[in-house]
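Subject: Structure handover

Hi,

Have a look through it and then read on.

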Amino acid sequence: MTRRLVDTGPPGWLDIGSYGRYGPGRRDRLSSAQVAFIARTVRRAPEVMIKMLNQGGRGLGSVARHLKYLDRDGELPIETDDGDPLKGKGVSKALLDDWDLELDAKRPPTADHKPRQMGKQPKLVHKMIFSMPAGTPPNKVLAAVKDFAREEFGAKHRYAMVLHTDEPHPHVHMVVRAMGYDGTRLNIRRATLREWRRQFARHLREHGVAANATERAVRGVTKPQKQDGIYRAQRRRDSTHWRQRTAAVAREMTPDGEIKPEPGKAELLETRYRIVSGWNAIADDLARQGQADLAQEVRRFVTQLPPVRTEREWIRDRILKQTRGGERAQFVDRWKNDALASWQVFRAQQQASEHARLRELEHARQQGLERTGKRSCTHRDDRTR
């Protein structure tokens with residue numbers, strides 16, 4: 001069965017993954033909620049982001065260090081499931097003691113512990129980040145995350161969160177105790193994250209923030225996603241992973257900038273074909289429903305989808321862009337140097353002309369003085385006679 005690529009709610013809603021057809025329980029008309037979702041998507045409403053941090057959730061020491069990082073060692077308030085913000089030195093340690101994480105660390109793996117993790121210590125906490133683009137009011141992001149946590153984890157799991165505004169995009173770090181009140185461990189799957197994104201976007205809209213939660217393929221995004229460590233290293237321009245990948249692509253490139261096609265490109269093109277077919281079918285439905293303007297926006301949205309690129313093609317394009325940028329910089333430098341040299345020649349000529357004029361003036365003055373001296377001598381001789 002084709003997985004739905006645009007999921008706006010329960011089964012039976014928009015199914016772009018199957019050429020725009022509806023699932024079981026098809027409606028004759030698009031509902032107002034569906035139309036609103038389509039409008040948000042084609043008008044490119046800000047997309048919510050929930051990122052899972054997979055490292056450092058299995059040991060007490062790492063969890064304690066993470067909490068100290070979140071509250072900046074007591075400088076920022078920690079919002080908890082109890083409803084009262086905590087702030088000050090030692091708050092993170094007190095929180096760990098209150099959660100009884102030491103007991104969780106000593107418990108044997110439960111039946112719901114994933115088999116592939118049986119050789120590892122079970123996670124004590126799950127760490128995640130809720131983020132919105134720059135310009136989103138931070139207080140509304142925090143309010144939406146609090147509503148989401150209360151609805152998703154209330155009376156089930158202990159949790160704590162801290163709002164960070166030290167970067168342009170406001171984001172909230174959340175730590176959730178893996179062991180629930182009923183002894184069931186929280187396992188987070190891809191489907192779980194998709195549902196959480198939808199709920200987070202809904203809570204943001206309830207607070208008056210335009211927000212959407214669609215899958216990358218539906219928006220035509222093919223830029224590769226990497227783990228948080230690689231992402232942060234790339235921002236520091238210190239990513240070994242990207243240096244190795246870039247060097248490998250550079251070695252394979254022909255002088256014309258071409259690289260060998262990848263097997264995964266065919267799958268990406270097939271996905272794009274299904275996405276475009278689905279959007280076109282939705283545009284037809286909107287037109288039949290009297291939503292001509294929105295149908296036109298959908299068709300324009302399809303024409304503006306970015307080209308399909310694999311990771312190697314994306315790296316190739318970045319290399320070529322940097323090369324062109326370097327060539328342009330060299331050209332600009334040459335132009336600046338040529339302009340500077342021309343100005344220096346012109347200035348030297350000006351100075352030489354000025355010196356010549358001054359010499360002529362000085363020569364004329366000296367000649368004038370000499371003539372004046374001769375006239376004075378003649379006058380004195382006449383008077384003597």
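Predicted model: local features only at pLDDT ≥ 70, side-chain atom pairs only at ≥ 80, totals over all residues.

Before the notes, one term: by contact I mean heavy atoms within 4.5 Å. Helices (H or I, at least four residues) and strands (E, at least two) are DSSP runs, numbered from the N terminus.

Residues are numbered from 1 along each chain as its sequence is written, and side-chain values use heavy atoms, with hydrogens and water left out.

The overall picture

The protein chain has 11 helices and 5 strands. Of its 385 residues, 39% are buried, where buried means under 20% relative accessible area, exposed over 50% and partly exposed in between (1.4 Å probe, protein chains only). The accessible surface of the chain is about 23300 Å², and carbon and sulfur atoms hold 52% of that; areas come from the Shrake-Rupley method with a 1.4 Å probe, and for residues only the protein chains shown count as cover. Taking contacts between residues at least 6 apart in sequence, 69% join residues at least 24 apart.

α2 and α3

In this pair, Leu 60, Val 63, Ala 64, Leu 67 and Lys 68 of α2 meet Ser 92, Leu 95 and Leu 96 of α3. By class that contact has 6 nonpolar, 1 polar and 1 charged residues (Ala, Val, Leu, Ile, Met, Phe, Trp, Tyr, Cys and Pro count as nonpolar, Asp, Glu, Lys and Arg as charged, and the others, Gly among them, as polar). The axes of α2 and α3 (residues 91–99) come within 9 Å and cross at roughly 135°, which makes α2 oblique to α3. Axes here are lines fitted to C-alpha atoms, for helices over the stretch in contact, and angles run from 0 to 180 degrees between N-to-C directions. Under 35 degrees counts as roughly parallel, over 145 as roughly antiparallel, 65 to 115 as roughly perpendicular, and the rest as oblique. The crossing of α2 and α3 is right-handed; that means the near helix is turned clockwise from the far one by less than a right angle, and left-handed means anticlockwise.

His 66 also sits in α2, which spans residues 60–70. His 66 is buried at 11% relative accessible area, and beyond its neighbours within four places in sequence, it is in contact with Leu 53, Lys 127 and Val 175.

α9 and α10

The axes of α9 (residues 264–288) and α10 (residues 292–303) come within 8 Å and cross at roughly 165°, so the two are roughly antiparallel. α9 passes α10 in a left-handed crossing. Among the residues making the contact are Trp 279 and Asp 284 of α9, with Arg 299 and Phe 301 of α10. By class, the contact has 11 nonpolar, 1 polar and 2 charged residues.

With 19% relative accessibility, Lys 265 counts as buried. Leaving out residues up to four places away in sequence, Lys 265 touches Val 308, Thr 310 and Glu 313.

One more residue

Ala 149 lies in α5 (residues 138–153) and is buried, with a relative accessible area of 0%. Not counting residues up to four places away, Ala 149 touches Gly 154, Tyr 159, Met 161 and Met 174.

Cheers
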